[in-house]
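Subject: Structure handover

Hello,

Here is the structure you asked for. Please open it beside this email and follow along.

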Amino acid sequence: MNRTELARVIGQRTRLSGSFTLRSGVVSDSYFDKYRFESDPKLLSAVAEALAPLVPARTDYLAGLELGGVPVATMLSNVTGIPAVFVRKEAKTYGTCQLVEGADIEGKRLTIVEDVISSGGAVKDAVNALRERSAIVEHVVCVIDRETGGIEKLEELNLAVKALYRHSEID
Ligand SMILES: O=P(O)(O)OC[C@H]1O[C@H](OP(=O)(O)OP(=O)(O)O)[C@H](O)[C@@H]1O
Ligand SMILES: O=C(O)c1cc(=O)[nH]c(=O)[nH]1
C-alpha cells in the first residue's frame, strides 16, 4: 500500500462526522477513531512501516502513550527492533505503582509515539512526566496531526514533532 492509498484507507475507516468533544474540551464536527485502524493487524502494520522512517536513529525506547499510542508503539517496535515503553495517564496505585511500564527510562532517549495530536496537551503532560523522571525526550512521532496548533505548542517545549499525515491529507 503506498502512502496515498494508506491515507485513503485510514480516512475511510476512522473518520467520523458529528459532534465530538475532544480531550482539550473543544467541540469538533470531525473525529478520527484511531482504534479502527489499530485493531486491524494489516492496517496497523502498514501504519508502523510508514512511521518507521520518521523515528530518529538515536532512540533507546519508543514511548507509547495510553491508550491509543500503545498499539502503534508496539507495532513500531516490532518493525524497527527498538524496544517500547508504555506511558500511563496516571501511575498505578497498587503493585509496581509505575507511570512508565516496560523499562527504566532514567537517562534514556525516548521518542514519543502518539496516534492523534490536536492541542498537544496529552503529549505535553506525558513529556513533562517523563522529563521529571530524567528521561531525555526531544522527539515525537504521530499518525495524524489535526492541524489545530498542537505541533507548534510542542515545538515550544523543544520537541521535534513528525506526523505521518496532516488532517488535510486524510480528510
Ligand atoms: O493533542 P490533544 O488535544 O491532547 O488530543 C489528542 C489526544 O486525545 C486522544 O486521547 P484520549 O485521552 O482521548 O484517548 P485514548 O486514551 O483513547 O488514547 C488522543 O489519543 C491523543 O492522546
Ligand atoms: O483531540 C482528541 O481528543 C481526539 C481527536 C481525534 O480525532 N481522535 C481522537 O482519538 N482524539
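Is Met 75 buried or exposed? Met 75 is buried, because its relative accessible area is 18% and buried means under 20%. Bear in mind that this is a predicted model.

**Around Met 75**

Met 75 is found in helix α4. Leaving out residues up to four places away in sequence, Met 75 touches Pro 41, Leu 44, Ser 45 and Ala 48. Now find Ala 52. Met 75 and Ala 52 are 23 residues apart in sequence. In space, their C-alpha atoms are 9.9 Å apart.

**Helix α4**

Next, take the whole helix. Helix α4 covers residues 69-80, twelve residues in total. From first C-alpha to last, α4 reaches 16 Å. That is close to the 16 Å expected at 1.5 Å a residue.

Which residues of α4 are buried? They are Gly 69, Val 72, Ala 73, Met 75, Leu 76 and Ser 77. An α-helix has 3.6 residues a turn, so residues three or four places apart point the same way.

What do the buried residues of α4 pack against? Two helices are among the partners: α2 (35-38) and α3 (41-51). The strands are β3 (61-65), β4 (84-87), β6 (109-117) and β7. α4 lies across β3, β4, β6 and β7. Its direction is about 160 degrees to β3.

Look at both ends of α4. Leu 67 lies in the loop between β3 and α4. The peptide bond from Glu 66 to Leu 67 is cis, with omega near -15 degrees. At the other end, α4 is followed by Gly 81. The phi of Gly 81 is positive, near 80 degrees.

**The sheet**

Six strands form an open sheet. Their order is β5-β4-β3-β6-β7-β8, and the pairing is mixed. Why is one side of β5 and of β8 left without a neighbour in the sheet? β5 (100-101) and β8 stand at the edges, each with a single partner strand, so one side of each has no neighbour there.

β3 and β4 pair in the parallel sense over four bridges. Here Ala 63 has Val 85 in β4 as its bridge partner. Strand β7 (residues 136-145) and strand β8 (residues 160-166) also run parallel, joined by six bridges. In this pair, Cys 142 stands opposite Ala 163 in β8.

Helix α6 (residues 150-155) belongs to the picture too. β7, α6 and β8 make a right-handed β-α-β unit. Another helix, α3, lies across β7 and β8. α3 runs at about 130 degrees to β7.

**Two loop residues with positive phi**

Cys 97 is found in the loop between β4 and β5. Its phi is near 55 degrees, a positive value in a residue other than glycine. Cys 97 counts as partly exposed because its relative accessible area is 42%.

Glu 147 sits in the loop between β7 and α6. Its phi is positive as well, near 60 degrees, and Glu 147 is not a glycine either. At 38% relative accessibility, Glu 147 is partly exposed.

**Towards the start of the chain**

Ser 19 is found in strand β1 (residues 15-21). Is Ser 19 buried or exposed? Ser 19 is exposed, because its relative accessible area is 61% and exposed means over 50%. Setting aside neighbours within four places in sequence, Ser 19 is in contact with Val 27 and Ser 28. Ser 30 is eleven residues from Ser 19 along the chain. Their C-alpha atoms are separated by 7.0 Å.

Asp 33 lies in the loop between β2 (27-32) and α2. Asp 33 is buried, with a relative accessible area of 15%. Not counting residues up to four places away in sequence, Asp 33 touches Thr 14 and Leu 16.

**From the record**

UniProt lists residues 45-153 as "domain: Phosphoribosyltransferase", in an unreviewed entry. In the model, that span is 32% helix and 28% strand. Its end C-alpha atoms lie 29 Å apart.

Best wishes

Note on methods
Residues are numbered from 1 along each chain as its sequence is written. Chains are lettered from A and ligands numbered from 1 in the order in which they are written. This is a predicted model: local features need pLDDT of at least 70, side-chain atom pairs count only at pLDDT 80 or more; totals for chains, interfaces and linings use all residues. Side-chain values use heavy atoms; hydrogens and water are left out. Two strands pair if DSSP finds at least two bridges between them. A crossover is right-handed if, with the strands pointing away from the viewer, the path from the first strand over the helix to the second runs clockwise. UniProt positions are given in the numbering used here, feature names are shortened, and annotations may be inferred rather than shown by experiment. The expected span of a helix is 1.5 Å times one less than its number of residues. Buried means under 20% relative accessible area, exposed over 50%, partly exposed in between (1.4 Å probe, protein chains only). Contact means heavy atoms within 4.5 Å. Axes are lines fitted to C-alpha atoms, for helices over the stretch in contact, and angles run from 0 to 180 degrees between N-to-C directions.
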